[in-house]
Amino acid sequence: MSNPEATSGKEISVEEIDFAKYRKPELAERISSLLSIPQLVLFAILAARIAMAIIFLIFLLAFGFKTHWTVQIFAYFYGLTMVAVVGGLFGVAATVNRGLSHLTDIFTLILDLTGQVSKDAQGLREGGQQMPPPRKLAAGVYEHIVLLMTEQAILAQSRWIGRLLIWAYRYTLGAAVKRLLKYEIEEEEATDTEPVKLDHASLETTKVAANTTTKWIAATRNVVETIGYGFRRTMMIPVYFIAFIVFAGFSIPATLLWYFAQG
């Protein structure tokens with residue numbers, strides 16, 4: 001934690017905090033395990049295979065040994081195209097859903113680090129400076145620690161897929177954190193919590209500031225799972241909707257082919 005110049009009544013800027021010392025190897029390993037690209041790729045392949053197997057089985061039962069061989073050949077070629085496109089799309093959708101399932105873990109990580117930063121900030125007692133509000137500390141932890149180390153962990157695993165995933169995580173994770181902080185801003189304003197000044201003459205004042213952040217973190221822990229689930233559901237609705245539309249687009253011609261082949 002850097003030691004800014006004392007300015008009476010001035011709030012400590014988030015930029016004055018030395019976040020670099022929190023970017024430790026063990027934290028990198030924890031983030032890397034949450035965002036394992038090999039596991040996501042294997043899961044995508046597995047999900048795609050399951051979807052492909054189901055579609056292929058449907059075509060086999062619908063057209064196998066029940067229609068003319070020319071219809072069967074056309075149906076199977078059409079089915080292979082449908083299997084590849086729809087199965088792959090559902091595989092991607094399932095993978096996105098799995099990736100977003102780690103939101104609660106990342107929220108918890110941000111809160112843990114915010115608590116650590118707040119605890120270390122108790123050393124800034126000189127000059128009567130103010131502690132940054134808890135939500136600002138959390139936003140700083142996300143931007144200067146979690147997001148940066150997330151990008152490093154992804155690129156270390158795969159530069160080819162990594163750049164695409166970085167864009168996806170910046171969009172999804174960033175939006176999720178903003179939603180979390182927006183919710184807590186409303187909660188904080190509702191409680192009408194006043195900023196706490198750090199006075200070098202009183203250690204108790206520092207403890208009060210630390211307790212304010214501790215209470216904020218405790219309250220936030222109670223809602224992170226709800227917010228994470230809500231955001232995940234919001235993001236997945238359009239993804240699954242697109243997958244369903246594509247599936248329906250392939251299914252209509254296949255159903256018509258099967259219907260006319262029965263005659």
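A residue is called buried when its relative accessible area is under 20%, exposed when that area is over 50%, and partly exposed in between, with a 1.4 Å probe and protein chains only as cover. Phe-56 is partly exposed because its relative accessible area is 44%, and this residue lies in helix 2, where helices (H or I, at least four residues) are DSSP runs numbered from the N terminus.

The model is predicted, so local features need pLDDT of at least 70 and side-chain atom pairs count only at pLDDT 80 or more, whereas totals for chains, interfaces and linings use all residues. Residues are numbered from 1 along each chain as its sequence is written, and side-chain values use heavy atoms, with hydrogens and water left out.

Turning to the interior, a nonpolar core is a set of buried Ala, Val, Leu, Ile, Met, Phe, Trp, Tyr and Cys residues joined through side-chain atoms within 4.5 Å. The largest such core has 44 residues, of which Ile-110, Val-141, Ile-145 and Val-146 touch the most other members. Among the helices that each supply at least two residues of this core are helix 1 (25-34), helix 4 (103-120) and helix 7 (203-261), while helix 5 gives the most, with ten residues. A second, separate core of eleven residues includes Ile-55, Tyr-78, Val-86 and Ala-254.
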